[in-house]
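Please look at the chain below.

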Amino acid sequence: MTNEEKDTERFSDIELALYFAFHIDNPCFTKVNGKNRDIRDFHIREARRVLPNLNYHARSFLESVIRDYTPEQEFIASSQ
């Protein structure tokens with residue numbers, strides 16, 4: 001179990017959705033080959049991983065945040 005998994009398992013569904021929404025909306029940056037890159041894609045992947053475990057309201061909210069940063073065809077494919 002990763003540190004992030006330990007941190008997030010104590011959250012309620014809506015708290016977890018808000019946690020990922022914040023990090024998707026405000027991603028951290030890291031240097032890759034001398035260039036600053038955000039890690040939004042990482043947070044979107046992790047958010048998608050927890051979506052099936054969230055209640056309806058938290059899932060709907062988090063899906064809407066993911067949809068804002070994902071091309072429509074990619075979002076539809078990942079939801080199936």
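In this predicted model, the largest nonpolar core has 14 residues, and those with the most contacts inside it are F20, I24, A47, L54, L62 and I66. A nonpolar core here is a set of buried Ala, Val, Leu, Ile, Met, Phe, Trp, Tyr and Cys residues joined through side-chain atoms within 4.5 Å. Buried means under 20% relative accessible area, exposed over 50%, and partly exposed in between (1.4 Å probe, protein chains only). Two or more residues of this core come from each of α2 (13-25), α3 (40-50) and α4 (56-68). The largest share, five residues, is given by α2. Helices (H or I, at least four residues) and strands (E, at least two) are DSSP runs numbered from the N terminus.

Two packed helices are described by the angle between their axes and the distance between the axes. For α2 and α3 the angle is about 160° and the axes are 8 Å apart. Axes are lines fitted to C-alpha atoms, for helices over the stretch in contact, and angles run from 0 to 180 degrees between N-to-C directions. The angle therefore makes α2 roughly antiparallel to α3; under 35 degrees counts as roughly parallel, over 145 as roughly antiparallel, 65 to 115 as roughly perpendicular and the rest as oblique. On the α2 side the contact (heavy atoms within 4.5 Å) is made by L16, F20, H23, I24 and D25, and on the α3 side by R40, H43, I44, E46, A47 and V50. These residues divide into six nonpolar, two polar and three charged. Ala, Val, Leu, Ile, Met, Phe, Trp, Tyr, Cys and Pro count as nonpolar, Asp, Glu, Lys and Arg as charged, and the others, Gly among them, as polar.

Where does I24 sit? I24 is in helix α2, and it is buried, with a relative accessible area of 0%. Leaving out residues up to four places away in sequence, I24 touches R40, H43, I44, A47, L62, V65, I66 and Y69. I24 and I39 are 15 residues apart in sequence and 8.4 Å apart in space, C-alpha to C-alpha.

The chain has five helices and two strands, in the order α-α-β-β-α-α-α from the N terminus. Of its 80 residues, 28% count as buried. Among contacts between residues at least 6 apart in sequence, 47% join residues at least 24 apart.

Residues are numbered from 1 along each chain as its sequence is written, and side-chain values use heavy atoms, with hydrogens and water left out. Local features need pLDDT of at least 70 and side-chain atom pairs count only at pLDDT 80 or more, while totals for chains, interfaces and linings use all residues.
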